[in-house]
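Biologist: I have a chain open on my screen and would like to go through it with you. Could you take my questions as they come?

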Amino acid sequence: MMRDLEESLGALKGRWMIGGSALDQAPIGWHAMAEGQSDPDLALLALAGQAGLIVFRPHAAGDLALPRLALPPLADAHRPAFRCLRERLKLDAAQMALILQLMATRRVSVHPADWMPASVEGLPNCYAPFGRLGARARSAWRAP
């Protein structure tokens with residue numbers, strides 16, 4: 001069934017890209033949704049785009065076990081302040097390591113989504129579990 005939907009969406013987008021009507025290639029159940037719209041082709045393409053993002057979203061194979069920090073992260077109320085400070089000061093990796101060491105002595109860590117370095121070399125031991133992750137997995141934790 002998923003394969004059929006994927007093929008239908010591909011045909012729908014392909015027909016529209018070559019100048020035809022997407023309505024001709026849409027699954028039968030979608031015709032009623034598109035007919036009430038001012039531009040049925042654009043409505044179908046929007047629906048196809050959403051379906052592509054939601055239905056075909058990649059997921060981790062097997063169980064995903066993310067490491068936990070040994071020290072508790074900053075309280076949620078303080079995380080925005082940390083991100084703002086990090087952005088304004090434009091600290092290099094060595095300076096950031098010193099701040100993380102200071103925080104670790106105070107028994108607190110930085111949430112990986114707020115800051116995750118490319119390498120955990122020179123960081124407090126609480127970040128070691130993230131060092132065992134691949135670079136790609138660590139980059140997924142980085143804040144946008």
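Biologist: Among contacts in the chain between residues at least 6 apart in sequence, what percentage join residues at least 24 apart?

Modeller: That share is 52%, counted among contacts between residues at least 6 apart in sequence. Please keep in mind that this is a predicted model, and that the mean pLDDT of the chain is 80, with 85% of the residues reaching 70 or more.

Biologist: Which elements have the lowest and the highest mean pLDDT?

Modeller: Helix H7, residues 135-141, has the lowest mean pLDDT among the elements, at 56, while helix H5, residues 93-105, has the highest, at 91.

Biologist: And how many helices and strands are there?

Modeller: The chain has 7 helices and 0 strands, so the pattern read along the sequence is α-α-α-α-α-α-α.

Biologist: What about burial, how much of the chain is buried?

Modeller: Of the 144 residues in the chain, 28% are buried. The accessible surface comes to about 9800 Å², and carbon and sulfur atoms account for 58% of that surface.

Biologist: Which residues form a nonpolar patch on the surface?

Modeller: The patch consists of Trp 16, Met 17, Ile 18 and Leu 42, which together have about 480 Å² of accessible area. Met 17 belongs to helix H1, residues 2-17, and counts as exposed because its relative accessibility is 63%, where exposed means over 50%.

Biologist: Switching to charges, how many salt bridges does the count come to?

Modeller: The count comes to 4 salt bridges. One of them joins Arg 79 to Asp 76, with 3.7 Å between the closest N and O atoms, and another joins the side chains of Arg 83 and Asp 114 at 2.5 Å, N to O.

Biologist: Why does the pair of Arg 83 and Asp 114 tie together parts that are apart in sequence?

Modeller: Arg 83 lies in helix H4 whereas Asp 114 lies in the loop between H5 and H6, so the pair links parts that are 31 residues apart in sequence.

Biologist: Which residues do salt bridges that share partners join into one network?

Modeller: Asp 76, Arg 79, Arg 83 and Asp 114 are joined into one network in that way.

Biologist: Is Arg 79 buried or exposed?

Modeller: Arg 79 counts as buried because its relative accessibility is 17%, and buried means under 20%.

Biologist: What does Arg 79 touch, not counting residues up to four places away in sequence?

Modeller: With those sequence neighbours left out, Arg 79 touches Leu 74, His 111, Ala 113 and Asp 114. With Asp 114 there is also a polar contact between the two side chains, at 2.6 Å. Arg 79 itself is found in helix H4, residues 79-89.

Biologist: Where does Glu 87 come in, with which residue does it form a salt bridge?

Modeller: Glu 87 forms a salt bridge with Arg 86, the closest N and O atoms being 3.3 Å apart. Glu 87 is partly exposed, at 42% relative accessibility, and its backbone oxygen is reached by the side chain of Lys 90 at 3.1 Å.

Biologist: Where is Lys 90 found, and what is its phi near?

Modeller: Lys 90 is found in the loop between H4 and H5, and its phi is near 50°, which is a positive value in a residue other than glycine. With 63% relative accessibility, Lys 90 counts as exposed.

Biologist: Which loop is Arg 107 found in, and what is its phi?

Modeller: Arg 107 is found in the loop between H5 and helix H6, 128-131, and has a positive phi of about 65° although it is not a glycine. Arg 107 is exposed, with a relative accessible area of 57%.

Biologist: Last one, how many Å apart in space are Ala 43 and Trp 30?

Modeller: Ala 43 and Trp 30 are 9.9 Å apart, C-alpha to C-alpha, with a separation of 13 residues in sequence. Ala 43 sits in helix H3, residues 40-54, and counts as partly exposed at 25% relative accessibility.

Technical notes. Residues numbered from 1 in each chain as written. Heavy atoms only, no water. Helix = DSSP H or I, 4+ residues; strand = E, 2+ residues; numbered from the N terminus. Buried < 20%, exposed > 50% of the residue type's maximum accessible area, 1.4 Å probe, protein only. Contact = heavy atoms within 4.5 Å. Areas by Shrake-Rupley, 256 points an atom, 1.4 Å probe, with all protein chains shown as cover. Patch = residues over 30% accessible without salt bridge, like charges linked within 9 Å, V, L, I, M, F, W, Y side chains within 5 Å. Polar contact = N/O pair within 3.5 Å; in protein donor to acceptor, adjacent residues only side chain to side chain. pLDDT = per-residue confidence, 0-100.
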